[in-house]
Amino acid sequence: MSFTVAIVGRPNVGKSTLFNRLVGKKLALVDDTPGVTRDRRPGDAKLIDLRFTIIDTAGLEEAGPETLEGRMRAQTEAAIGEADLTLFVVDAKSGLTPLDQSFGDMLRRRGKPVVLVANKSEARGSDGGFYDAFTLGLGEPCPISAEHGQGMIDLRDAIVAAIGEDVAFPEEIDEPETNVDIPRLDGDDEMEDDEPAYDDSKPLRVAIVGRPNAGKSTLINRFLGEDRLLTGPEAGITRDSISVEWEWRGRTVKMFDTAGMRRKAKVQEKLEKLSVADALRSIRFAETVIIVFDATIPFEKQDLQIVDLVLREGRAAVLAFNKWDMIEEPQAVLADLREKTERLLPQARGIRAVPISGETGYGLDKLMQSVIDTDRVWNKRISTARLNRWLESQTVQHPPPAVSGRRLKLKYMTQVKSRPPAFMISCTRPDALPESYVRYLTNGLRADFDMPGVPIRIHFKAADNPFEGRKRKR
């Protein structure tokens with residue numbers, strides 16, 4: 001992207017609506033309640049022929065630095081310092097307020113380019129607020145409607161005039177193409193490997209989930225080494241799912257911070273429902289999910305439901321017992337947690353669990369190594385020959401049970417996909433195979449092919465009868 005733009009303004013003037021309009025997706029949560037956005041969220045924006053990075057920010061409020069509003073303001077000021085241009089959004093419908101005046105003075109003192117945006121200009125009676133915006137001393141306001149997409153051409157012209165055409169339209173340098181696919185010639189006698197090697201250079205997508213106030217945002221801030229996400233003692237601070245990128249031992253990691261997930265019966269407000277839905281989308285988009293437990297009160301019913309949800313979505317899961325610095329007898333507690341993990345999570349036998357402290361940084365390298373190891377298992381592929389040899393040994397050791405006096409036969413097995421590992425077994429009467437025997441095969445796959453902690457799916461298919469449909473000869 002050529003340059004960075006921050007959207008600022010007091011609460012409920014339409015900053016997140018404008019952000020969604022510019023990125024072309026409903027990424028940021030939007031609601032009539034003031035103060036929905038709390039963290040700063042980046043996105044790739046497109047406005048006519050402009051391409052740039054846009055940052056959505058929390059509403060500017062005057063408050064002490066120790067309060068939640070004060071910490072939100074610090075996040076917004078960090079976004080302004082990072083950006084090349086600021087879009088200062090005011091509400092033309094309701095007019096200017098003393099907050100708008102004070103924040104206009106702050107932006108003027110910073111000396112960076114500012115575009116004054118009068119949002120909600122389509123509303124009846126908005127002319128008064130539009131003309132009042134001239135008193136801010138930030139130039140002519142640009143009237144738009146973020147909700148209806150009006151005034152976007154004028155906004156584009158105002159951005160180009162403020163930042164300059166040389167920054168808005170940088171010259172693109174044609175780079176030589178280095179990654180060229182070479183076609184395979186006939187006669188090559190190299191055979192494709194049936195078990196491809198794990199690619200440890202590709203970027204990794206990781207979601208952080210858990211109950212409210214488990215320490216998810218603090219954990220990501222410790223990984224990044226900066227206060228990138230809003231944290232504090234209050235439960236439920238995070239609302240949007242925010243993605244951040246960083247590198248761990250040379251590998252790019254895209255990490256998603258999500259809102260705390262309470263029990264469904266307690267989620268009543270519309271805003272919290274939107275936050276939980278955003279967290280669920282992040283789980284589906286991620287590859288590996290770190291489920292953060294509060295080590296002081298682990299294995300609440302909601303913790304177990306979150307783990308079950310992640311595994312049913314087919315994601316690779318790693319448990320992180322946070323706040324380990326608050327544990328007085330770590331060895332005894334660790335032994336108890338291991339026993340409870342095996343007993344309470346039988347559907348994820350062998351799942352990796354790591355004690356950590358997001359506050360002090362204890363155990364974070366071990367946690368990331370567990371994430372890499374779990375992702376390696378999640379991507380694992382096993383050759384058909386090895387699977388059929390294994391299936392034969394399993395059926396010899398423990399044959400399938402007879403149902404209604406007829407023995408079930410397992411004939412053939414192959415892996416149909418990875419991420420997560422899924423297998424297909426051709427057999428007779430698949431609907432009659434008991435669930436206990438399916439668990440026996442699943443546990444055998446985990447043990448014999450070293451696949452702990454990831455969901456394993458086995459599908460059964462009836463073998464095709466070549467004589468089916470033919471008329472019987474008399």
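1. Y131 counts as exposed because its relative accessibility is 54%, whereas F130 counts as buried at 14%. The cut-offs here are under 20% relative accessible area for buried, over 50% for exposed and partly exposed in between, with a 1.4 Å probe and protein chains only. Please keep in mind that this is a predicted model, where local features need pLDDT of at least 70, side-chain atom pairs count only at pLDDT 80 or more, and totals for chains, interfaces and linings use all residues. Residues are numbered from 1 along each chain as its sequence is written, and side-chain values use heavy atoms, leaving out hydrogens and water.

2. On to the rings: the structure holds eleven aromatic pairs. One of them joins F130 and Y131, with centres 5.2 Å apart and planes at 70 degrees, so this pair is edge-to-face. Rings of Phe, Tyr and Trp (its six-membered ring) pair if their centres lie within 6.5 Å; planes under 30 degrees apart count as stacked, over 60 as edge-to-face and the rest as tilted. Ring pairs also bring in F134, linking F130, Y131 and F134 into a cluster.

3. F293 and F299 make another edge-to-face pair, at 5.3 Å centre to centre and 85 degrees between the planes. Both of these residues, F293 and F299, are buried.

4. Where does S357 lie? S357 is in the loop between β12 (353-355) and α11 (364-378); helices (H or I, at least four residues) and strands (E, at least two) are DSSP runs, numbered from the N terminus. With a relative accessible area of 1%, S357 is buried. Its side chain makes a polar contact of 3.0 Å with that of T360 (a pair of N or O atoms within 3.5 Å; within protein, one must be able to donate a hydrogen and the other to accept it, and residues adjacent in sequence count only if both atoms are side-chain atoms). Setting aside neighbours within four places in sequence, S357 is in contact (heavy atoms within 4.5 Å) with N322, K323, W324, D325, Y362 and L364.

5. Finally, the whole chain: its secondary structure comes to 13 helices and 17 strands. Of the 474 residues in the chain, 48% are buried. Among contacts between residues at least 6 apart in sequence, 70% join residues at least 24 apart.
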